[in-house]
Amino acid sequence: MAEGGLPPELDLHLLECPICLERLQQPKSLPCLHSFCQDCLGTYITKGVSGKMASATSFPCPVCRRMIPPGNQAETKDKWAEQFPTNTVIDYLIQLKESSSVPLYCKTCHIKGNLNNPASFWCKAMNENLCDICKVS
């Protein structure tokens, strides 16, 4: 007998940059644990830490406003964003989301010749995807 449904979708907001509101590209994580696209963070730093703040040795996080020092203050400000660690968890989730966007089909229907019947359940006992009709049988 089939149990449960498909796993819940990822919260897409976890994969979006709070600056550009697009899918994160080269996600960099700040010490406050907020993540941003490397390019967005670099632009934010260079534009925000200029003019009267040109001598600043830190910058406020765009989300929580916590002051963030770069790893190496001797580097030019346009290189600060590159110094932060890449958020490999977010990178992995993006790859997982992209690979899971392929539709799942009912394996039992597929064996019977109906190749396009979408699956809506996962059967733990049979270890396969099933549609609403096949999950009952």
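Q: Is glutamate 128 buried or exposed?

A: This is a predicted model, in which local features need pLDDT of at least 70, side-chain atom pairs count only at pLDDT 80 or more, and totals for chains, interfaces and linings use all residues. Residues are numbered from 1 along each chain as its sequence is written, and side-chain values use heavy atoms, with hydrogens and water left out. Buried means under 20% relative accessible area, exposed over 50%, and partly exposed in between (1.4 Å probe, protein chains only). Glutamate 128 counts as buried because its relative accessibility is 11%.

Q: How many salt bridges does the structure hold?

A: Side chains of opposite charge can pair when their charged atoms come close. The criterion is a side-chain nitrogen of Lys or Arg within 4 Å of a carboxyl oxygen of Asp or Glu. The structure holds 1 salt bridge. Lysine 107 and glutamate 128 form a salt bridge through their side chains, at 4.0 Å from N to O.

Q: Which elements does the pair link?

A: Helices (H or I, at least four residues) and strands (E, at least two) are DSSP runs, numbered from the N terminus. Lysine 107 lies in helix H4 (residues 107-112) and glutamate 128 in strand E6 (residues 128-130), 21 residues apart, so the pair links distant parts of the chain. Lysine 107 is partly exposed, at 42% relative accessible area.

Q: Which residues of helix H1 are buried?

A: In helix H1 (residues 38-48), the buried residues are Gln38, Cys40, Leu41, Gly42 and Ile45.

Q: Where is isoleucine 133?

A: Isoleucine 133 is in helix H5 (residues 132-136) and is exposed, with a relative accessible area of 67%.
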